[in-house]
Amino acid sequence: DQLPLKTHRSAGMISRRKFIKLAGVSAVGSAAVSGGAQAQAAVAPAQAGEYQGKIVALEEHYCPPEISGAWGQLAPEIKSGILPGPKALTDMLEELGEKRLQRMDAAGVDVQVLSLTTPGVQVIDPESAITLARLSNDIGAKAVKAHPDRFQCFATLPTTAPAAESITELKRCVEKLGFKGWLVNGRTLDRSL
């Protein structure tokens, strides 16, 4: 992706990675001004163009075929906003291994925080939502376990079920699976949040 960069002299485009590097240099430089000699040592690598932090991409989606299959069974008024994507997109959403890691490397992304794509299980009947949320979270946990330095995960919650079900699943995801939080989509069934 390219971000617009406008200055008083020119207008151009700059890559996200370059933008983040420049922002990092600015932040470290600002710390050096206010932090004295100790911060001066920390700014040296950044001034040489060596960005020291990680690029973390949030809300990087995945979708198990069981969930996309469940969307196909929804009532027309619920699934009206859910469009099946092209096969290439579906394949990318299902894949949580080497191909995804290669795309991350090509984009300069160090870590993806995975989350089930919209609308998640928030449009599925309560009983199925509980089962599919758990399945989604187990798949996310498996990806994190296989590549803990490259993936983290947000939990999927069954918001169509009683609130206690979402609380139980969130607790399992954070305490047992090591998730960093949860992602809630903009609607539950036909209601906008």
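**Salt bridges, sheet and cores**

In this predicted model, Asp138 has a relative accessibility of 34%, which lies between the 20% and 50% limits, so Asp138 counts as partly exposed. Asp138 is also part of a single network with Arg134, Glu169 and Arg172, held together by salt bridges that share partners. One of these contacts pairs the side chains of Arg172 and Asp138, at 2.9 Å from N to O. The two partners come from distant parts of the chain, with Arg172 in helix H8 and Asp138 in helix H7, 34 residues apart. Arg172 counts as buried because its relative accessibility is 13%, under the 20% limit.

The whole structure holds 5 salt bridges. Another of them joins Asp105 and Arg150, again at 2.9 Å from N to O. Asp105 belongs to helix H6 and Arg150 to the loop between H7 and E5, so this pair ties together parts 45 residues apart in sequence. Arg150, at 15% relative accessibility, counts as buried.

Strand E5 (residues 151-155) runs parallel to E6 and is joined to E6 by 2 bridges, and Phe154 has Gly181 of E6 as its bridge partner.

The largest nonpolar core contains 17 residues, and Leu114, Phe151, Cys153, Ala155 and Phe179 have the most contacts inside it. Two or more residues each come from E3, H6, H7, E5 and H8. Beyond its sequence neighbours within four places, Leu114 touches residues including Glu60, Tyr62, Ala143, Phe151 and Cys153. A separate core of 15 residues includes Leu74, Leu93, Leu116 and Ala133.

Arg100, Leu101 and Met104 are buried, and the buried residues of H6 fall within an arc of 100° seen down its axis, so they line one face. E3, H5, E4 and E5 are among the elements covering them. The face turned away carries the exposed residues Glu98, Lys99, Gln102 and Ala106. After H6 comes Gly108, with a positive phi near 80°.

Methods:
Residues numbered from 1 in each chain as written. Predicted model: local features only at pLDDT ≥ 70, side-chain atom pairs only at ≥ 80, totals over all residues. Heavy atoms only, no water. Pairing = 2+ DSSP bridges. Helix = DSSP H or I, 4+ residues; strand = E, 2+ residues; numbered from the N terminus. Core = buried A, V, L, I, M, F, W, Y, C linked by side-chain atoms within 4.5 Å. Buried < 20%, exposed > 50% of the residue type's maximum accessible area, 1.4 Å probe, protein only. Contact = heavy atoms within 4.5 Å. Arc of directions from axis to C-beta. Salt bridge = Lys/Arg side-chain N within 4 Å of Asp/Glu carboxyl O.
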